[in-house]
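Colleague: I would like to learn how to read a model like this one. Could we go through it feature by feature?

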Amino acid sequence: MGEITLLLHRVAGGEHAAGERLYALLYPELKRLARSHLARAGSLTLDPTAIINEAWIRTEGQAVSANRGQFFAHASVVMRSVIIDHVREQRAEKRGSGQHPVTLSTAQWESIASPPDMLCLDDAMQLLRQVDERAHHVVEMRFFGGMTLEEIADVIGVSVPTLKRDWRRARAFLFEQLGTP
């Protein structure tokens, strides 16, 4: 059993010191995961450290998976929820309803590149969850979590060919929901 798996077991047993050691060991991988989420979210006023800290706070006191793959899958879901909550807060009426401040130097670039709409993607993901929960989990772990099909197969407990079919079906569903060709 690896050190991370051992620490996950100890954290699940309620050992606080193991949680601190686990955080220190996992921080570089969590930071990579947070950067991946931010790259997909477009320009936000969040940084990877803020996402990791908020995600860690949100999961503190919850049951921690004793499996490394399941832990990262869960961490990915929590990080995505942190980003979605941030986007919703920014789009709130009191925050200018999503309007970005434009200066003379950035006005021309604002019209060229628009970041993907995280709220539309989240709505489509919620619909996917209702239609096919396993495909929803595959998208969370693969697209948002950056996990390989082999890692996901190990976490979910199905074969790689089955996951490939789920992945294709989920992508087609999301493309259709988002109006993307």
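Modeller: Start with one side chain. R58 has a relative accessibility of 28%, so R58 counts as partly exposed. Keep in mind throughout that this is a predicted model.

Colleague: Where is the cut-off, and how does D85 fall against it: buried, partly exposed or exposed?

Modeller: Buried means under 20% relative accessible area, and exposed means over 50%. D85 comes out at 35%, so D85 is also partly exposed.

Colleague: Why take R58 and D85 together?

Modeller: Their side chains form a salt bridge, with 2.9 Å from N to O. R58 belongs to helix 3 (residues 48–59) and D85 to helix 4, so the bridge ties together parts 27 residues apart in sequence.

Colleague: How many salt bridges are there in the whole structure?

Modeller: The search finds ten. One of interest joins R80 and E140, whose closest N and O atoms are 3.2 Å apart. R80 sits in helix 4 and E140 in helix 7, so parts 60 residues apart in sequence are tied together.

Colleague: Are R80 and E140 buried or exposed?

Modeller: Both are buried. Next, the side chains of R88 and D122 meet in a salt bridge, at 3.2 Å from N to O. R88 is in helix 4 and D122 in helix 6, so this pair ties together parts 34 residues apart in sequence. R88 has a relative accessible area of 40% and is partly exposed, whereas D122, at 8%, is buried.

Colleague: Which residues are linked in a network of salt bridges?

Modeller: R80, R88, D122 and E140 are.

Colleague: Let us step back to the fold. How many helices and strands does the protein have?

Modeller: Nine helices and zero strands. Read from the N terminus, the order is α-α-α-α-α-α-α-α-α.

Colleague: What share of the residues is buried, and what does the surface look like?

Modeller: Of 181 residues, 35% count as buried. The accessible surface is about 10500 Å², and carbon and sulfur atoms hold 55% of that area. As for contacts, take those with a separation of 6 or more: residues 24 or more positions apart account for 61% of them.

Colleague: How do I read a single helix?

Modeller: The general idea is that an α-helix has 3.6 residues a turn, so residues three or four places apart point the same way. For the case here, take helix 6, residues 118–131. Its 14 residues reach 20 Å from first C-alpha to last, close to the 20 Å expected at 1.5 Å a residue.

Colleague: Which residues of helix 6 are buried, and what covers them?

Modeller: The buried ones are M118, L119, L121, D122, A124, M125 and L128. Their cover includes helix 2 (16–41), helix 4 (68–90), helix 7 (133–144) and helix 9 (160–178). D122 in that list is the salt-bridge partner of R88.

Colleague: What should I expect of the nonpolar side chains?

Modeller: In soluble globular proteins, nonpolar side chains tend to be buried together. In this model the largest nonpolar core has 47 residues, and L30, I51, M79, I83, L128 and V139 touch the most other members. Helix 1 (3–12), helix 2, helix 3, helix 4, helix 6, helix 7, helix 8 (149–156) and helix 9 each supply at least two residues of this core.

Colleague: Which helix gives the largest share of this core?

Modeller: Helix 4, with ten residues.

Colleague: Last topic, the aromatic rings. How many pairs does the structure hold, and how is one classified?

Modeller: There are four aromatic pairs. The angle between the ring planes gives the class, and over 60 degrees counts as edge-to-face. The rings of Y23 and W56 have centres 4.7 Å apart and planes at 65 degrees, so that pair is edge-to-face. Y23 is in helix 2 and W56 in helix 3, so parts 33 residues apart in sequence are tied together. Y23 is partly exposed at 22% relative accessibility, and W56 is partly exposed with a relative accessible area of 22%.

Colleague: What about the rings of F71 and F72?

Modeller: Their centres are 5.5 Å apart and their planes lie at 80 degrees, so this pair is edge-to-face. Both F71 and F72 are buried.

Colleague: Which residues form one aromatic cluster?

Modeller: Y23, Y27, W56, F71 and F72 do.

Conventions
Residues numbered from 1 in each chain as written. Predicted model: local features only at pLDDT ≥ 70, side-chain atom pairs only at ≥ 80, totals over all residues. Heavy atoms only, no water. Helix = DSSP H or I, 4+ residues; strand = E, 2+ residues; numbered from the N terminus. Buried < 20%, exposed > 50% of the residue type's maximum accessible area, 1.4 Å probe, protein only. Contact = heavy atoms within 4.5 Å. Areas by Shrake-Rupley, 256 points an atom, 1.4 Å probe, with all protein chains shown as cover. Expected span 1.5 Å × (residues − 1). Salt bridge = Lys/Arg side-chain N within 4 Å of Asp/Glu carboxyl O. Core = buried A, V, L, I, M, F, W, Y, C linked by side-chain atoms within 4.5 Å. Phe/Tyr/Trp six-rings, centres within 6.5 Å; stacked < 30°, edge-to-face > 60°.
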